[in-house]
Amino acid sequence: MWSKVSSVFWISAAILLVAVVFGVAAPDQFEAATSNIKSLVTSGFGWYYLILVTVVVAFCLFLIFNPVGSIKLGKQDDKPEYSKPTWFAMLFSAGMGIGLVFWGAAEPISHFAIDPPLADPGTDAAIKESMRFSFFHWGIHAWSVYALVGLCLAYFNFRKDRPGLISATLSPLLGKYAHGKLAMIVDIIAVAATVVGVATTLGFGAVQINGGLTYLLGIPNNFTIQLIIIVIVTVLFLMSAWSGLSKGIKYLSNTNMILAVLLLALVFILGPSLFILNLFTDTIGTYVQNIIQMSFRIAPLDPDHREWINGWTIFYWAWWISWSPFVGIFIARVSKGRTIREFMIGVLLLPVIVSFIWFAVFGTTAIDVQMAGNVDLTKYATEEVLFAVFNEMPFSVILSVIAVILIGTFFITSADSATFVLGMQTSYGSLTPPNSIKVVWGFFLAAMASILLYSGGLQALQNALIIAAFPFSIIMILMMISIYKALHKERKELGRHRKRKA
């Protein structure tokens with residue numbers, strides 16, 4: 001088994017082990033170090049994150065309408081391995097999962113009642129801003145990052161027969177160095193970004209499960225309980241990982257979608273349905289109208305607004321970038337046989353629509369509860385806001401139980417998918433990585449999530465994300481150039497072939 005393990009595994013594991021030991025031995029110093037580096041990145045490179053992600057959006061839209069969209073991600077006779085409903089469920093579960101449940105009510109409430117982007121707290125303008133910026137953070141920008149990485153991996157792996165590695169997507173640029181030390185560095189950066197990105201999300205999940213159990217059962221909300229949750233869920237997702245992609249992740253993804261749709265429908269029916277529909281319609285319009293301005297908003301003359309952008313927009317862009325190796329590899333793995341245009345539309349548009357609907361339902365319901373004045377949601381911790389909203393609705397216990405179960409299944413699916421991806425990246429791109437390697441990465445994910453929570457809670461999670469995303473963002477630029485170069489060359493070859501055939 002260990003003969004299948006690449007040098008990327010040993011070097012990545014060693015680097016991450018040092019980080020874990022540092023976090024355990026000196027949690028305060030670990031949190032201070034990550035905080036200082038995060039501040040340096042956000043203050044000096046905020047403009048870079050905004051421009052990069054916006055360019056990625058434009059590039060993905062360009063591919064949808066370009067003739068290269070008809071090129072298949074695989075050989076001409078390859079057929080999709082999964083049905084469209086299952087494919088979409090797997091995309092959605094891996095790509096968003098816990099984040100939507102964690103932030104679905106909490107983010108709009110923060111933008112409305114605590115710290116709006118521009119308006120005064122609690123005003124009508126703040127209501128509209130809260131939804132518009134939630135759509136912005138979870139919309140086409142996020143999924144464009146995933147789509148770019150996923151497309152590059154699927155194209156080079158299934159059409160060009162390259163290994164399923166991040167470094168393989170740069171082969172048109174790396175040339176003779178595509179199998180050397182430079183390629184290994186690229187893969188190590190991808191592995192590190194994946195571990196930090198997924199561990200951060202698992203930390204969010206553990207915190208919110210704890211918040212739900214506190215609300216339902218009065219269990220204390222502290223690190224010890226969160227550690228127990230991480231241990232239990234780690235055992236569950238390792239069992240799922242051992243069963244393989246077609247069994248564990250497939251069944252869990254379909255379960256996630258059923259539970260998510262059920263919870264969404266119940267909140268819509270029991271909540272302010274008409275208000276939800278009206279606010280959704282109005283703010284979708286303002287989102288589309290202002291998307292270019294929001295994409296480049298950096299507030300160079302207003303320190304307070306800049307701080308808001310650093311804490312929200314830059315944080316999210318870093319989150320999506322750090323998650324993109326994991327999500328990109330996973331969605332590439334399940335997208336063989338689809339055309340580039342079908343892939344882009346499926347990955348770029350369908351999950352975005354669902355995310356908008358999710359925030360419209362949960363965010364508007366939370367705002368309605370806050371405006372009713374019976375409870376002040378701003379006094380609750382981020383992870384407890386959703387359950388505080390449910391407490392003001394009919395069948396509150398049922399809603400809370402469904403939410404806790406959904407977070408748990410999303411937790412397991414994300415970690416399960418991540419162990420598969422990390423196994424691929426550290427076993428020469430194998431599409432069937434050894435179970436033992438997946439188990440090792442499962443323990444690393446759990447350890448990193450625990451250390452980040454132990455050293456600084458949610459703030460440490462956010463700091464680690466922004467730091468991990470920066471080096472991989474440079475690789476994303478190279479991936480864009482590489483895929484464009486390869487597709488441009490193939491389009492010319494296909495054109496010459498058709499002319500000769502005619």
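## A first look at this model

Leu-227 sits in helix α10, which covers residues 223-243. Welcome to a predicted model.

- With a relative accessible area of 32%, Leu-227 counts as partly exposed.

**Salt bridges**
- The whole structure holds seven salt bridges.
- One of them pairs Asp-282 with Lys-128, at 3.8 Å from N to O. Asp-282 belongs to helix α12 and Lys-128 to helix α6, so this bridge ties together parts 154 residues apart in sequence.
- Another links Lys-160 and Glu-490, whose closest N and O atoms are 3.5 Å apart. Lys-160 is in the loop between α7 and α8 while Glu-490 is in helix α18, so the pair connects parts 330 residues apart in sequence.
- Within that pair, Lys-160 is partly exposed at 36% relative accessibility, whereas Glu-490 is buried at 6%.
- Arg-338 and Glu-342 also form a salt bridge, with 2.8 Å between the closest N and O atoms. Shared partners bring Lys-84, Arg-338 and Glu-342 into one network.

**Residues with a positive phi**
- Most residues other than glycine have a negative phi.
- Ala-299, not a glycine, has a positive phi of about 50 degrees; Ala-299 lies in the loop between α12 and α13 and is buried, at 18% relative accessible area.
- Phe-395 has a positive phi near 55 degrees; Phe-395 is in the loop between α16 and α17 and is exposed, at 56%.

Methods: Residues numbered from 1 in each chain as written. Predicted model: local features only at pLDDT ≥ 70, side-chain atom pairs only at ≥ 80, totals over all residues. Heavy atoms only, no water. Helix = DSSP H or I, 4+ residues; strand = E, 2+ residues; numbered from the N terminus. Buried < 20%, exposed > 50% of the residue type's maximum accessible area, 1.4 Å probe, protein only. Salt bridge = Lys/Arg side-chain N within 4 Å of Asp/Glu carboxyl O.
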